[in-house]
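Open the model in your viewer, keep the selection panel at hand, and follow the stops below in order.

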Amino acid sequence: MTAKGGIFLRKNILAICDEEQDYACHLLDYLSRSGGRESFPFEIRVFTERESWEQFPGRESVQVLLVSQSLYERYEGVWEAGMTVVLTEGREGPPGELCIDKYQSVEAVVRKVLELAARNGILPPAARMGEQGDLKLIGIYSPVRRCLQTTFSFTLGQLLARKHKVLYLNFECFSGFGKMMRQEFQADLSDLIYFLHNRDGRFPYRLEGMTQKVNGLDYIPPAFSCLDLQRVEKEEWLTLLEEIGQSGLYEYAILDLSEVVNGLFDILKRCARVYTIVRDDGFGAAKQEHYEALLSCLNHEDILENTRKCRLPLFRQLPQGLGSLTRGELAELVQKLIEEDLKG
C-alpha cells in the first residue's frame, strides 16, 4: 500500500536477494501463497541485484533477509536486516552467519526460516485466527497392539487432507517415522511442548516452522524419546491442543494415541470422533473388553458412545511407505468412514 511521500507497510518485510531469477521467483511464488493467509507474518520483496536492494526505500522494515551466498560474499557489508540468512550454495557458509542450504526443497527453506525467526524473536506475536471449537479432534486409540493403528491414522489424515487442513500428531513411544520417511528430524513433538511454555504469542509460527508434509497432510515429527512423552502432564497436552485450535491453521487434528499419554481419557473425551481398531482373536477381544470395562468403571461411557469400532479385514497387500497410503483396500475402507462420519 503506497501513499504520497512514503510507503506504508501492513507487515514486516521478508526480502529475497538472489541473482538466480528462476530460484527467486520460485521462492516468491511459494511465499506469496503462504502470504495469502492472514497468519503469515511477512510481506515479500525480491531483488535480483545489489543496486535495487540498496535503493529500496523500505529497507529499515526488512525483518528477514535471505541472500544468496554468491551475492553475500561479493558485496560483503551491505546486507543489513533484522535477521540475515545466507542461502548456501554447496559450500560452507560465512562464519558467524545464519545459513540455510539453498538447494533443498522450498518448503524446507521456508520452514527453517520461520523456525529461526521465532527462535531469534523476530516474529511479532501471532494474531489468534480461530477458536478451539473450530478444530475437530479425531482420536485413534486401541488397547490392541499391532492392529495397523498408525497405518489407519495416517491414511485417514492424508485422505481427509484432500479437502481440509489437517494436522497429524503421533503419541507412540517408538514411532519409527524417521526410518519410514528416510530422514532425520531436527525438531519433534517434544520441542513443540517446550515452545508452548514460552507464552510469547509466537506459537503458531513455531508450529508452522516444525511441520512436515506428506500428500497435503501436515504432521509434527513424533517425539524421539518415550521418556519425554511420559514427562508431559495432562494439562500440557490439553493446552497444546487448545493452542493448535486457536492458531486457526487447521480444521482437523488426527491424534494417534497410546497409553504413554498422561490424560489419555481426558483427550479422548474432547474428540469429535474416536476410532478403535478391534480384533476378534482371543487376546484382542479380551483386551478390548478390559478397556471398555475400565471406561465404565471411571464413568467414561461418553467415550464409548462416541467410539466407532473398526474391524479391519485381512488385506491382500498394504502400501510399503507412509506416502503411498491413499490407494488400495485400506484407503477405500477409510474413505467410506470419512464419508459416513465426517462428511468429508
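Lying across rests on contact, meaning heavy atoms within 4.5 Å, while angles run from 0 to 180 degrees between N-to-C directions of axes, which are lines fitted to C-alpha atoms, for helices over the stretch in contact. Helices (H or I, at least four residues) and strands (E, at least two) are DSSP runs, numbered from the N terminus.

Before moving on, note that this is a predicted model, in which local features need pLDDT of at least 70 and side-chain atom pairs count only at pLDDT 80 or more, whereas totals for chains, interfaces and linings use all residues. Residues are numbered from 1 along each chain as its sequence is written, and side-chain values use heavy atoms, with hydrogens and water left out.

Now pick S3 (residues 12-17), which runs parallel to S4 and is joined to it by 6 bridges; two strands pair if DSSP finds at least two bridges between them. Cys 17 has Phe 47 in S4 as its bridge partner.

Then select helices H5 (residues 149-160) and H14 (residues 329-342), whose axes come within 9 Å and cross at roughly 60°. Show their side chains, and you will find residues of H5, including Phe 152 and Leu 156, meeting residues of H14, among them Val 334 and Ile 338.

For the cysteines, how many disulfides are there? The count comes to 0, a disulfide being a pair of cysteine sulfur atoms within 2.5 Å. Cys 173 is in no disulfide, and the nearest cysteine sulfur, that of Cys 226, is 4.4 Å away. Cys 173 is partly exposed at 22% relative accessible area, whereas Cys 297, at 64%, counts as exposed; buried means under 20%, exposed over 50% and partly exposed in between (1.4 Å probe, protein chains only).

Finally, select the whole protein chain, which has 14 helices and 14 strands, and in which buried residues make up 50% of the 344 residues.
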